[in-house]
Amino acid sequence: MVKTELTSLQKRILTSLVMIPFVIGALRSGHPYVDILVFAVGALLSWEWSAMIPNKKANLYAVCYVFALGCSLLIFNRIVLFSTIAALTAFVYYKAREEEHRNLLTLGVVYISIGVGALYWLYYLFDTFFGSLPGEKGSFVMTLWFIFMVWSVDIGGYIIGSSLKGPKLAPRISPNKTWSGLIGGVILAVSVSFIYMYATKNIFNLPMPLNEQLRFAELGAFIAVVAQIGDLIESAIKRFLGVKDSSNLIPGHGGVFDRIDGLIFAAPIVYCYFSLI
């Protein structure tokens, strides 16, 4: 019998087919499934960060990251929360004083607690902001829209960038990314946002005028650019450390950080936007 190995693309597709229903199911079900999903993702990311960066106290740092994440999910007073995160950041910075990558290890506290925490805050903010739609949660509909924006720039960037190629976006950081890919990703995000909001308006019979749909399309473009910056930051960190993937937890995708870098970078900014409008 001849053994055939799955290609990277086939692994990626199969893994996505398994993961996506779980994510959508948790988002649609709400509490406590969303809470469990976010904490599980953050815990895996904490392990990855402490394992990806060479250090002498990986378990200690991972525990600090998870504790900071737990604070983001459980402490609702922002002054208390940010004071706690600041204290944990100072603690890790002190404990890492003999580490070669002291700054990166310290950055993990903020990157994970605020980045992953903001995904959680954004979900429940959408619930307050949009309320309940007929037969559906506003938090589910809008969080899915946010995820689609980040996915769009990834998919559009890959398809258009690999087809048209052209000038490199950041050759020293990520040699495969091109300006054509970024533009293609932004265009896809704008298109998906407009179609998504148009469908949402008609499915739920919402009073959403055209200018409101266009505003979300513009926001989709902004999210796409911010998510791409998050992707480049992750690439820069990995290149600096000399690693290809953050881990091999997800077949065909690399690690958790490789999959959600754009989401956790964009989430705090999008959360601030919807908090202020």
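Predicted model: local features only at pLDDT ≥ 70, side-chain atom pairs only at ≥ 80, totals over all residues.
Helix α3 itself runs over residues 58-74, 17 residues in total. From first C-alpha to last it reaches 24 Å, close to the 24 Å expected at 1.5 Å a residue. Colour its buried positions next: Tyr61, Ala62, Cys64, Tyr65, Ala68, Leu69, Gly70, Cys71, Ser72 and Leu73.

Now move to the largest nonpolar core, a set of 74 residues. Select Leu45, Trp49, Trp145, Phe146, Ile223 and Phe274, which touch the most other members. Helix α5 (residues 102-130) gives the most to this core, with 14 residues.

Zoom in on leucine 45. Which residues is it in contact with, once neighbours within four places in sequence are left aside? Select Ile112, Val116, Val256, Phe257, Ile260 and Ile264 to see them.

The next stop is the second largest pocket, with a volume of about 200 Å³. To display its lining, select Phe130, Leu133, Gly138, Val141, Met142, Met197, Thr200, Leu206, Pro207, Met208, Glu212 and Phe216. Helices α6 (138-164), α7 (179-203) and α8 (210-241) are the elements that give two or more residues to this lining. The most come from α6, which gives three. Coloured by class, the lining shows nine nonpolar, two polar and one charged residues.

Most residues other than glycine have a negative phi, and most peptide bonds are trans.

- Select histidine 31 and proline 32: the peptide bond that joins them is cis, with omega about 5 degrees.
- Lysine 165 is exposed, with a relative accessible area of 52%.
- Is asparagine 205 buried or exposed? With 67% relative accessibility, asparagine 205 counts as exposed.

How values were computed
Residues numbered from 1 in each chain as written. Heavy atoms only, no water. Core = buried A, V, L, I, M, F, W, Y, C linked by side-chain atoms within 4.5 Å. Buried < 20%, exposed > 50% of the residue type's maximum accessible area, 1.4 Å probe, protein only. Helix = DSSP H or I, 4+ residues; strand = E, 2+ residues; numbered from the N terminus. Contact = heavy atoms within 4.5 Å. 1 Å grid on protein atoms, 1.4 Å probe; cavity = no way out; pocket = protein on both sides within 12 Å on 5 of 7 lines; lining within 4 Å. Points joined across faces, edges and corners; volume = space filled by probe spheres on them. Nonpolar A, V, L, I, M, F, W, Y, C, P; charged D, E, K, R; others polar. Expected span 1.5 Å × (residues − 1).
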